Number of protein chains: 2
Amino acid sequence: MRVTRRRLLAVAASGTGAIAAGGTAAASTRSRTAREPFHGAHQAGVTTPMQSHLHFTSFDVTAIGAAALRDLLRAWTDAAARMCAGHPLGPVGGDPQAPPADTGEAYGLGPARLTLTFGFGPSLFDGRFGLAGQRPAALADLPAFATDHLDPARCGGDLGVQACADDPLVAFHALRSLARIGEGAARARWSQAGFDRTPGNAPAGATGRNLMGFKDGTNNLDASDAAAMRRNVWVPRADGPAWMAGGTYLVTRRIGIRIERWDASDLDEQETDVGRTKVVGAPLGERREFDPADPAKLPPDCHILLANPRRPASEAERILRRGYSYSDGLGPGGRLDAGLFFAAFQRDPRRQFVTIQRRLAAHDLLNEYLVHTGSALFAVPPGVREGGFVGESLLGR
Amino acid sequence: MRVTRRRLLAVAASGTGAIAAGGTAAASTRSRTAREPFHGAHQAGVTTPMQSHLHFTSFDVTAIGAAALRDLLRAWTDAAARMCAGHPLGPVGGDPQAPPADTGEAYGLGPARLTLTFGFGPSLFDGRFGLAGQRPAALADLPAFATDHLDPARCGGDLGVQACADDPLVAFHALRSLARIGEGAARARWSQAGFDRTPGNAPAGATGRNLMGFKDGTNNLDASDAAAMRRNVWVPRADGPAWMAGGTYLVTRRIGIRIERWDASDLDEQETDVGRTKVVGAPLGERREFDPADPAKLPPDCHILLANPRRPASEAERILRRGYSYSDGLGPGGRLDAGLFFAAFQRDPRRQFVTIQRRLAAHDLLNEYLVHTGSALFAVPPGVREGGFVGESLLGR
């Protein structure tokens, strides 16, 4: 089947009338009804409490011209709003002589706190869409870092879409559907699935652990702290350009962990490299997880000190991390191909991620165990009002 | 670090004394405490109600001799019992001058109904371990099928280990830990992660859907029906060999779905190919999902009729399917690399899976949309008594 632009829009719109997800007669559990609002001043999926599953896809736009890009973003926005509300995109059955409007694998499931977050890569501003003059200065290409081992097939992209949900099937369905709607207008460039522990399978409020076995996120920015988000995450109007006011910048890095080598290293080395104790997660020299780190007691090249030197000036560098562990089967020699899909939101990557990563790339004791294989940067435009579309502030009506 | 056999056993045993998982002070939810018994007449993970996440790894044994194989299986058994009970393998902290006994990423999490299921591939009986005379006749190599597009790197293996849990981090930790314990004795050959919907995110008892959007499992054997399990899944003593009594045979197939082509096909074709309606899941010509299929009303080459011709003779062919959807990122052209990791347990693959798959490979209307890229067969020995080890009936004490 060839998908024309007309068909694309027809498929995206065919569910209007809001066919509710099936199975509504059954008793609802919390997860069956838990949804995150799609519309708002900011896009969801940034300060939203983390869901258990990630499905990220970076697309290249194959259509030409601003109108085609606008059509794509409108169709994606409509589909995203519907899916985040727990509705299928249209009938799973319906006309026998046409492909079903919804592919069906998530039919009857709750929205599972689905969020879809859209970002614009630097390449979107190369002139194909008349946007060359609108590129934010903060969307500067990331520099090369000393420790990069980047695979071009895992880097960049015109449009990045982050799907997060508490059900892997819901996250998969969301991105499969967006790819389908975009067929003929956008082609998937790379994709990454990720996972976190299952909600309810840890004590409430406990900090999660990464695949190195350490607590990860103890000193992360608090996404519920609106003042901190204004300072370090959301782009204020004064920063410019105007279309990014209320937006943010997303950096993703696929960071492989040399699991077998790490697992063979002594506890003492692991704790020295990280700068925290493994069981409790306390900064070295302290007793409790949330005790403030004292730089004087930390190894100068440990990860947490290089990531955040704990100086007044480094407060402005802090980022909102929202990464997921990944496991992509086996690499050479039967070794695990697993690690962290790092994702961080920030007001200006030049001042924040780049500054931090330069220090880490130069000195981080953990570098022996890490390999950065993917990298991308996206301008995440502000949120969508009812009836609007993602990127409306950039692309107009 | 070089891992000697002595070290391997020391690591596996160092947690004796049962250090309980951390965070026990917090209130437990159902999922925080939900565990499946590891010991029993049969291995867990066969008739166990499906968990939401799969992590399967096939290993080749690199050690030589029956004693080394026995040591490995003993160490794996001890670790499996501990992890399925929700305990770490030993201290996450502990001796600063040694690698932690437990890698830590699942520390503080509940067991999440973890099951670990071990199987022996045909290659294990090639003579390296003195087992050539013990190979079951039913463990005959699978024949080539007309539709095979098998990648040798995704096929076979001496030892297959299926980890299933309601938390992806718990499933990952289990197989990472077994790989670590086996270092120097077994090397991972291939690995596959899979997922199903999140428990609680669907109406109770609703049949799940595969990535084709159809209900999958409506007419599966009922794992809670002990008589059906005796007839079609568990190997009776009379079948032989004696060491397999109470065991079963596992066939796995990595079946890719040509997602984009399927999504472009009309509803009528999809339903004809499958033999069921898409929304309800009723056999064609019937109204309700669980109405018996009438072969006279079904397209002769539809999937459900070829899989199960609904003749008295085909009752003996029926298998217990326990597959998971998978999504492995992108294939060529940005297409989704996703499908079904088919897994089925049965009493004799020659009479069951092979008979079914021969019909499907020859005629299944779905073949246009499917590609089998991985295949494996394992003899799953009977369950483990307390103090025993997996394969004890084969390898003695």
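In chain A of this predicted model, 79% of the contacts between residues at least 6 apart in sequence join residues at least 24 apart. Chain A has 10 helices and nine strands. Its radius of gyration is 21 Å, close to the 21 Å given by the globule rule for 397 residues, so chain A is as compact as a globular protein of that length. Along the principal axes, the C-alpha atoms of chain A fill a box of roughly 70 × 50 × 45 Å. Of the 397 residues in chain A, 57% are buried.

**Domains of chain A**

The domain assignment divides chain A as follows.

The C-alpha centres of domain 1 and domain 2 of chain A are 27 Å apart.

**Relation of the two chains**

Chain A is superposed on chain B by a rotation of 180° with 0.0 Å of shift along the axis, and the RMSD is 0.0 Å. This is the relation of a two-fold axis. The same surface serves both copies, as 100% of the contact residues of chain A recur in chain B. Among the residues of chain A, A:Asp328 comes closest to the rotation axis, with its C-alpha at 3.6 Å.

**Strand β2 of chain B**

Strand β2 of chain B covers residues 115–120 and is mostly covered, with six of its six residues buried. In a regular strand the side chains alternate between the two faces of the sheet. In β2(B), B:Thr115, B:Thr117 and B:Gly119 point one way, while B:Leu116, B:Phe118 and B:Phe120 point the other way. The residues of both sets are buried. The partner of β2(B) in an antiparallel pairing over six bridges is strand β3 (residues 159–165) of chain B. Within this pair of strands, B:Thr117 stands opposite B:Gln162 of β3(B).

Notes
Residues are numbered from 1 along each chain as its sequence is written. Chains are lettered from A and ligands numbered from 1 in the order in which they are written. This is a predicted model: local features need pLDDT of at least 70, side-chain atom pairs count only at pLDDT 80 or more; totals for chains, interfaces and linings use all residues. Copies are superposed by least squares on the C-alpha atoms of residues with pLDDT of at least 70 in both. Two residues are in contact if their C-beta atoms, placed from the backbone, lie within 7 Å. Helices (H or I, at least four residues) and strands (E, at least two) are DSSP runs, numbered from the N terminus. The radius of gyration is taken over C-alpha atoms; the globule rule is 2.2 Å times the number of residues to the power 0.38. A residue is buried if 20 or more other C-beta atoms lie within 10 Å of its own, exposed if 12 or fewer, and partly exposed in between; C-beta atoms are placed from the backbone. Domain bounds come from an automatic or database domain assignment. Two strands pair if DSSP finds at least two bridges between them.
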